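Here is a brief report on one protein chain. Please keep the model open while reading.

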Amino acid sequence: MQKRALVVGLGIAGMSAAIGLRQAGWTPVIVERAPERRTGGYFIFMFPEGVRAAADLGIADHLHTRNPEWRPGGNSWSVDRRGRRKPALGLLDAPSGLAAVLRSDIEAALWQGITGDGTEDAVEVRFATTPVEITEGAGGVRVLLEDAGTGKQYLEEFDLVVGADGMRSSVRRMVFGPDEDYLANWKAMICAFQMKEQVPTYEASDSIIVSRPKRAMWVFGLADHAPCAWLTYRTDDIPDRFAGPSIEQVRAAFSGMEDDPVVRHVLDSLEQAPDHVFDSIHQVKMDRWSTGRVVLVGDAAWCMNTYSAMGSSSSLRGGAALGAALREHPDDLAAALDAWEAGLRPYITSQRRSARIKQQRFVPSSRPVQVLVSGVLDLVRRVVHRRLAAEFTAAAAPTAAAVPSGRTR
């Protein structure tokens with residue numbers, strides 16, 4: 001008989017783990033608390049590690065990327081206190097193979113992977129279903145599941161339980177302990193959403209940065225989609241930030257900046273957006289990602305937070321690596337989980353540490369830090385844009401040479 005695994009969560013980490021499990025010869029079953037698959041989501045960078053993991057999972061051909069074509073002078077702009085724009089170093093300017101996608105692009109590709117393409121059986125997915133109790137026995141894990149629609153509870157046994165249910169994981173709470181034992185509060189908030197249209201006077205694929213000490217607003221331009229907005233700010237009163245409507249909280253955080261046309265347009269767009277993400281920022285820190293026959297993956301295990309920009313890539317890599325470890329140790333689950341964590345933890349640790357540095361770029365902690373970061377990034381931009389301009393000119397030269405001039409001798 002094939003071994004069965006319960007995967008809790010239908011996000012990037014959960015679907016990646018399910019595909020990895022299936023590749024290892026297991027039968028995964030996914031439960032998702034939502035009544036249907038969520039198709040929204042904001043802008044995401046996929047790093048080379050995530051792109052390679054997508055290939056390992058067999059979903060690369062399904063993945064739609066949205067990188068804008070670079071233009072001489074650049075696609076990114078920063079706006080100063082006087083409303084003046086100047087060229088900025090775009091996050092996609094780095095020569096590291098970054099892919100611009102929406103969260104829904106990754107999840108759509110993974111969904112195609114788990115529903116099957118005719119060559120493999122589809123993974124079973126149960127919506128509106130959550131685990132209530134998880135009890136490990138001698139030969140498996142007994143899980144009490146609840147159907148939210150009917151309220152019915154039923155017991156089922158699995159050989160492995162995979163908690164892929166996000167930063168505030170219910171699996172982690174049930175098996176490892178309360179959130180406060182693992183969540184490190186970064187005293188910051190984020191709001192992200194898809195805009196209906198670009199900020200007036202900017203090109204459709206432009207990215208825009210309005211950065212001030214302790215608060216910043218980013219607009220990420222895409223090749224074939226309206227931009228996404230990403231707002232973040234530092235605050236010491238995280239609990240109070242959930243006391244009122246999220247849009248009012250965001251407007252209060254950016255009060256005094258509404259004279260800037262970019263800020264005003266983005267805040268007005270937030271009012272019109274059908275949905276948005278509003279949450280506090282934390283990191284998850286755990287000494288061990290598994291115990292017995294229960295393992296955590298993605299944000300449930302190692303949430304590095306949004307400043308790292310590595311959440312999706314690490315989730316894809318974690319699911320692919322889990323499948324590889326199970327294939328290498330088909331008859332020894334403990335050895336497979338040990339090997340999986342030993343191989344993955346150094347990478348996760350290094351990315352977690354880099355998040356503090358990246359945070360200063362996204363939302364500087366003070367005016368001196370803002371000036372320093374801006375100066376360094378401008379120097380880097382000059383070097384990078386000089387190289388990109390040379391590549392652009394070289395690529396355009398053969399095309400120009402092939403066009404007849406129309407002149408006669």
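## Model and confidence

This is a predicted model, in which local features need pLDDT of at least 70, side-chain atom pairs count only at pLDDT 80 or more, and totals for chains, interfaces and linings use all residues. Residues are numbered from 1 along each chain as its sequence is written, and side-chain values use heavy atoms, without hydrogens or water.

The protein chain has a mean pLDDT of 92 (the predictor's confidence in each residue, from 0 to 100). In 95% of its residues, pLDDT reaches 70 or more. Residues 405-409 fall below 50. Beyond near neighbours in sequence, this stretch has zero contacts in the model (contact: heavy atoms within 4.5 Å). Where pLDDT is low, the predicted coordinates should not be read in detail.

Helices (H or I, at least four residues) and strands (E, at least two) are DSSP runs, numbered from the N terminus.

## Ser 290

Ser 290 lies in strand β17 (residues 290-291). Its relative accessibility is 5%, so Ser 290 counts as buried (under 20% relative accessible area, with exposed over 50% and partly exposed in between; 1.4 Å probe, protein chains only). Leaving aside neighbours within four places in sequence, Ser 290 contacts Phe 176, Val 295, Leu 337 and Glu 341.
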